[in-house]
Amino acid sequence: MSDIALALRNATKLYAGVPAIEAVDFELHRGEIHALVGENGAGKSTLTKVMAGVVALTSGTMQVNGRDAAPRTPLEARHLGIAMVFQENSLVPTMTVAQNLFLGQERFYNRLRGIYIAAQQFLQSLNFDVTPTATVGMLGAAKKQMVEIARAVLHDAKVIIFDEPTATLTPEEKKYFFDLVRDLKRRGVSIVFISHALEEALDLADRITILRDGKHVVTDDAVNFDRARIIQAMVGRDLSNTLYGARKNSVRPAGARVLTVQNLKMAPMVKNNSLSVFAGQITGVFGLVGAGRTETFKIVAGVLKRDFFHGGEVILHDRPVRYLVPAPAVRDGIAYITEDRKVEGFFETMSVARNIYLGLLAKMPGGRFLLSPREADQLGKSWVEKLRVRVTGNAMKVVELSGGNQQKVVIAKSLVQDPDLIIFDEPTRGVDVGAIVEIHDLIQSLADQGKAVVVISSYLPEVMALSDRILVARQGKVVEEFSALEATEEKIMYAAVH
Amino acid sequence: MIAALKQFADRFLGRGEATITVPSFDGALKPNQILEQAETVATFEAPEDLAACGGALYIADGPLLRRLVGDSATLVRRFDRPITALCGLPDGGLAVALDGHEVQLLLKPSASGPALSFTDSSLNAVNALAPGPQGTLLATDGSTARPTRHWVRDLMERGRTGRVWQLDIARHRVSLIADGLHYAFGVAAFGDELLVSESWRHRLIAIAQDGRRRAVLDHLPVYPSRLQPAEAGGFWLTAFTARTQLVEFVLREAAYRRRMMKEIDPEFWIAPKLRSGFSFLEPMQGAHIKTMGVIKPWAPPRSYGLIIRLDDRGVPLYALHSRVDGVNHGIVAAVELDGALYALAKGPGRLLRLPLAAIEQELRA
């Protein structure tokens, strides 16, 4: 039997005549962990979707265990022993964890109790703390990801493809995940994983393949790579000094206090949380999943409501405010840039310009009776230029953009409102390194202009690179504050965990 | 009627005026233990205020005026009443408030008698003095109802009778600048305006010449007190204790407060204190519990020590703390002299000294 579990030769996939991948050669060895790295739009997702039978190649060939194969559906791919854990959740939210795990493997008569017991044992064997009877829709992002991974393992796949598997996992969960992947490798399973966290690729992978603009750039053993070489291969230029660069040796002084949160409560996520945000500074907020960071700032922005009884106080510019919906918060100068851009950030079938125009309309009381397509186009054009959104035209739909460019549209949609307080929630999640640098520059420039900026991030190097002061949240409230000058990863993580 | 209904709803839901919340010590107010670790220069029986005058440091200690010589305090003179405020004047003189009712001007600290005395019957609780514009003297008067020593009672009665006076030395005249303040305690010239501490509202306000008021620093987590100009520009603001949710709650409950004031020894009221931890009868808040005999530094404070460094716009730059587990609490005065910051911790009766250069380097880096 060949040592190659899966191979693609001269693989090309065209979307409306535009190549997403072009003449790509790829080999996956048996029992290896292979990282697929590249900027957004580099073709990683398309390449893996071809392997998983989600899309078919326009030209080129695919071989599984040395035999030609062309799976046309995920089910056909699963029969070939290939499973994919998608970045976007593919679970049925109204079913329980156990039902999702065994979906597609039902027998004529299924005893629910038997399914739950089997699921419980299986999840425990993976060290995943997920209740099998829980409804998937009620789970957090990290737990949903765990169920996705467990399902792939359960299907006894010989090739498992993970698309951004660790984006929503906490550091402890990541450790479990890495152990699991190494265990799968020992069992002879071949792993392909896509990750924007380059340390993960360097740490976990045996080999790394880098794609750029739909083309294969390089494949080599992971030991032959370092961070700088990967980034250079990904973007074609050296960004290592600009991305999460050297330690800060100065921080911006705090301006006037813009936001004060006092004893805020929203059971069970936010527990008596108090913090302040100052003008002309970037306040980084770090915490593990479930620390109540996002919920706190969603309450500030009127997306969520605090507890009805004795729910605490939000003070904006020395004035107590309580927003029941986001519109008045937007009018008062608060912009919340969501972590879940696909669900909350934009209307994907509308054009870039229209999306940005909607941001402006949101600030106007009662909206506007007559809309101006011309104004929308002009506004869209100016913001596309300002934020360097890569579009082919003003009418291009947001769904057609890469993750980084979509994120820029979400940011533009908020900045067009000229806010005083800008809350970025996971601003670079699922964004390629080139766009990360541009988004970071933008965030820095907003603070330089005197705006109060909040950056919520689960990625420590990002928090440390951006913030002037760092708040650490744990179990629903801020438990520690660091100046960027004194903060270290160890100190922050210790505060977040203990 | 509508206001009464709204008040009832607010009390029921814990919102508006009935919100029992306290701001956190963060940003420039981030806690440290610098004040707790400060050198103790001397201790006094009843220290009240500090003043730098002619290159020397003067301490008001009950009715005694003392001068710091080296590391010991020598008696300069004795008054017939306790000193409630002290202030060095630009011409080398000293202004002294006696029992809150009288302000005396001394040409020099050791002068045998006052050069000028203001004994306006309106003066009741003068607690801070500062040089004003055009050779005048500014004074804050905490309350018309209670003397300075009964400041806790004024808080519990939700007093709002604080005033700011201007004492015209040339014309020997007292004029009212502002009244209706929630315990005025500390004043300083602030450009064309006056910067005034309003303790019970936890804020600093600027009062313009035409009487208009604006908040300069609001929603403080402490009870602000005296202000002293810093040599490098800006101010030193002292805070004699910190806010807690328990006290905020008691301040909301009028009937409870009345009964507490009637039946309980003031020492054990649920109220801010300048020192604590001396009796098991003292009220404590949820987390303010000793574990293995140690109070957690982040527990809700019954007493606290804090000095805030403000820039010339009144924006906090950094703060010096003595936290719940410390003893240097009840800071009522801070004065800069010879590259050091002297602070008066009224709780333990200590005069503290802090090296300014080292603090600046540590906290402004």
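Two residues are in contact if their C-beta atoms, placed from the backbone, lie within 7 Å. The legends below use that sense of touching, and the model they describe is predicted.

**Figure 1. B:Ala343 in the nonpolar core.** The largest nonpolar core has 247 residues. B:Ala343 and B:Leu129 touch the most other members of this core. Helix H15 of chain A, residues 433–448, supplies the largest share of the core, with seven residues. Leaving aside residues up to four places away in sequence, B:Ala343 touches B:Leu35, B:Ala38, B:Ile307, B:Ile331, B:Ala333, B:Ala334, B:Leu352 and B:Leu354.

Figure 2. S22(B) spans residues 305–310. The strand is mostly covered, with six of its six residues buried.

Figure 3. S22(B) pairs with strand S19 of chain B, residues 235–242, through five bridges. These two strands run antiparallel. B:Trp236 has B:Arg309 of S22(B) as its bridge partner. S22(B) also pairs with strand S23 of chain B, residues 316–322, through six bridges. This pair, too, is antiparallel. Here B:Ile307 is bridged to B:Leu320 in S23(B).

**Figure 4. The hairpin turn between S22(B) and S23(B).** The two strands form a hairpin, with five residues between them. B:Gly314 sits in the turn. Its phi is positive, about 90°.

**Figure 5. The contact between chain A and chain B.** On chain A, 19 residues are in contact with 18 residues of chain B. Three strands of chain A give two or more residues each to the side that touches chain B: S11 (257–266), S12 (270–278) and S14 (313–316). S12(A) gives the most, with four residues. By residue type, this side of chain A divides into eight nonpolar, seven polar and four charged residues.

**Figure 6. A:Ser467 in a loop of chain A.** A:Ser467 is found in the loop between helix H16 (460–466) and strand S19 (469–474) of chain A. Is A:Ser467 buried or exposed? A residue counts as buried if 20 or more other C-beta atoms lie within 10 Å of its own. A:Ser467 has 28 C-beta neighbours inside 10 Å, so it is buried. A:Ser467 touches A:Ile282, A:Thr283, A:Gly284, A:Val455 and A:Ala484, not counting residues up to four places away in sequence. A:Val251 is 216 residues from A:Ser467 in sequence. In space the two are 8.2 Å apart, C-alpha to C-alpha.

**Figure 7. The setting in chain A.** Chain A has 17 helices and 20 strands. Its radius of gyration is 23 Å, close to the 23 Å that the globule rule gives for 498 residues, so chain A is as compact as a globular protein of that length. The C-alpha atoms fill a box of roughly 70 × 50 × 50 Å along the principal axes. Of the 498 residues, 50% count as buried. Among contacts in chain A with a separation of 6 or more, 69% come from residues 24 or more positions apart. The chain is divided into domain 1 (4–235), domain 2 (245–333 + 419–498) and domain 3 (346–415). The C-alpha centres of domain 1 and domain 3 of chain A lie 33 Å apart.

Technical notes. Residues are numbered from 1 along each chain as its sequence is written. Chains are lettered from A and ligands numbered from 1 in the order in which they are written. This is a predicted model: local features need pLDDT of at least 70, side-chain atom pairs count only at pLDDT 80 or more; totals for chains, interfaces and linings use all residues. A residue is buried if 20 or more other C-beta atoms lie within 10 Å of its own, exposed if 12 or fewer, and partly exposed in between; C-beta atoms are placed from the backbone. Two strands pair if DSSP finds at least two bridges between them. Ala, Val, Leu, Ile, Met, Phe, Trp, Tyr, Cys and Pro count as nonpolar, Asp, Glu, Lys and Arg as charged, and the others, Gly among them, as polar. Domain bounds come from an automatic or database domain assignment. The radius of gyration is taken over C-alpha atoms; the globule rule is 2.2 Å times the number of residues to the power 0.38. A nonpolar core is a set of buried Ala, Val, Leu, Ile, Met, Phe, Trp, Tyr and Cys residues joined through C-beta atoms within 7 Å.
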